[in-house]
Amino acid sequence: MNYKNRYDFVKNRNLFFGASLLVTIIGIVILLISGLHYGVDFKAGTSLDVALGKTTDRAQVEKVFGDAGLNPVILTMGGNNDRFSARYDEVLTEEQVKQVISAFTGTYGDQVSHEVNTVSPDMANEMKNKAILAVAVASIAVSLYVTIRFEWRFALSAIITILYDAFFVIAIFSIFRLEVDLPFVAAVLTTIGYSINDKIVILDRIRENLRFAKLRSEGDLAELVHTSIWQTMSRSINTVVTVIIAAVCLYLFGSESIKLFALAKLIGLVSGVYSSICLATPLWYLLKRATLRSGKVAPAKANS
């Protein structure tokens, strides 16, 4: 099949490199200035999940909190407005929790039920450190796998863009001040897994085509990469669309506690397929082009 008339990602690589670099710089600046908006998992505090047993409205719930004298920092209504989640940045005592629940029991009756989640400062720091360690170990493990599985140009291209995908999700959450909690860490780890899968599909096709290619010029190399991208395009798009549908359903119909996980997963999936097509393959092209210019064109590594 002739792919010459289709969009040339290699030729327009500088556009994608520039846009990605801009997003990266903005993300770094925001992270340095504001950091991340940590949720209860990574910041000491108390979270109250209360089921009222009857429909209400936000104004009434806020009034009850005001009467109890313990207004939360964050209040999220859920279900059919018959339940809510309240977040405090300080650790509430047992007496304070009883004070809040008594206020709602007095207003809505004995059918009110609740769940209390408290994170101490030491526990918050420990969970934060373990989350960072989990992401670091996953990134290193994937990087080692790609390094062993492919020759160094493929590996370097994949590793750089995998790290970009993970950082992109973190940067978006930092820029828009979205809450970072344990489900967010799971979403980042999922992003790393799907991202390497996308990249292996395309890079493996390049490697297969490289075995039978006769590269006499930079144009031949660019054409090989361009053809490989379009040969795997339908597979890449179909795979990611299938998972995106599931993530969208989670976001639209899932509980409040899972919405940000679904959103982070959506961002990571889109970033993964974008970086695979628009960043990883053009980056490999630049690395291989340098070898071609030096006159040291070696056959592709035949690991499987």
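Which residues of α4 are buried? Let me start there. One caution before the list: this is a predicted model.

In α4, the buried residues are Ala 124, Ala 131, Val 135, Ser 139, Val 142, Ser 143, Val 146 and Arg 149. What do these buried residues pack against? They meet β5, residues 113-119, then α5, residues 152-175, and also α6.

Now the helix itself. α4 has 29 residues. At 1.5 Å a residue it should span 42 Å, and its end C-alpha atoms are 42 Å apart, so expectation and model agree.

Next, the pairing with α6. α4 covers residues 121-149, and α6 covers residues 182-211. Their axes come within 10 Å and cross at roughly 10°. Angles under 35 degrees count as roughly parallel, so α4 is roughly parallel to α6.

Who makes that contact? On the α4 side: Met 127, Ala 131, Ala 134, Val 135, Ala 138, Ser 139, Val 142, Tyr 145, Val 146 and Arg 149. On the α6 side: Leu 182, Val 185, Val 188, Leu 189, Ile 192, Ile 196, Ile 200, Asp 204 and Arg 207. How many of these are nonpolar, polar or charged? The contact of α4 with α6 has 15 nonpolar residues, one polar and three charged.

Ala 124 first. This alanine sits in helix α4. Its relative accessibility is 2%, so Ala 124 counts as buried. Setting aside residues up to four places away in sequence, Ala 124 touches Asp 41, Phe 42, Lys 43, Ala 44 and Val 119. Here is a distance along the helix. Ala 124 and Ala 138 are 14 residues apart in sequence, and 21 Å apart from C-alpha to C-alpha.

Then Lys 128, again in α4. At 22% relative accessibility, Lys 128 counts as partly exposed. The cut-off for buried is under 20%. Apart from residues up to four places away in sequence, Lys 128 touches Tyr 38 and Phe 42. Phe 42 is also among the residues that Ala 124 touches.

Ser 139 is buried, at 12% relative accessible area. Beyond its neighbours within four places in sequence, Ser 139 is in contact with Leu 163 and Ile 192. Ile 192 is on the α6 side of the helix contact.

Now away from α4. Where does Thr 56 lie? Thr 56 is in the loop between β2, residues 45-51, and α2, residues 58-68. Buried or exposed? Thr 56 is buried, with a relative accessible area of 11%. Its contacts, leaving aside neighbours within four places in sequence, are Val 61, Met 77, Asn 81 and Tyr 108. With Tyr 108 there is a polar contact, side chain to side chain, at 2.7 Å. Asn 81 is 25 residues from Thr 56 in sequence, but 5.7 Å away in space, C-alpha to C-alpha.

Stay with Asn 81. Asn 81 lies in the loop between β3, residues 74-78, and β4, residues 83-88. At 33% relative accessibility, Asn 81 counts as partly exposed. Its backbone deserves a look. Phi is positive, about 60°, although Asn 81 is not a glycine. Most residues other than glycine have a negative phi.

Arg 177 is another case. Its phi is positive too, at about 55°, and Arg 177 is not a glycine. Arg 177 is in the loop between α5 and β6, residues 179-180. At 35% relative accessibility, Arg 177 counts as partly exposed.

Last stop, Thr 232. Thr 232 is in helix α7, residues 218-253. Its relative accessible area is 4%, so Thr 232 is buried. What does the side chain of Thr 232 reach? The backbone oxygen of Ile 229, at 3.1 Å.

To recap on the helix pair: α4 runs roughly parallel to α6, with 15 nonpolar residues in their contact. That is the tour.

Terms used
Residues are numbered from 1 along each chain as its sequence is written. This is a predicted model: local features need pLDDT of at least 70, side-chain atom pairs count only at pLDDT 80 or more; totals for chains, interfaces and linings use all residues. Side-chain values use heavy atoms; hydrogens and water are left out. Axes are lines fitted to C-alpha atoms, for helices over the stretch in contact, and angles run from 0 to 180 degrees between N-to-C directions. Helices (H or I, at least four residues) and strands (E, at least two) are DSSP runs, numbered from the N terminus. Angles under 35 degrees count as roughly parallel, over 145 as roughly antiparallel, 65 to 115 as roughly perpendicular and the rest as oblique. Contact means heavy atoms within 4.5 Å. Ala, Val, Leu, Ile, Met, Phe, Trp, Tyr, Cys and Pro count as nonpolar, Asp, Glu, Lys and Arg as charged, and the others, Gly among them, as polar. The expected span of a helix is 1.5 Å times one less than its number of residues. Buried means under 20% relative accessible area, exposed over 50%, partly exposed in between (1.4 Å probe, protein chains only). A polar contact is a pair of N or O atoms within 3.5 Å; within protein, one must be able to donate a hydrogen and the other to accept it, and residues adjacent in sequence count only if both atoms are side-chain atoms.
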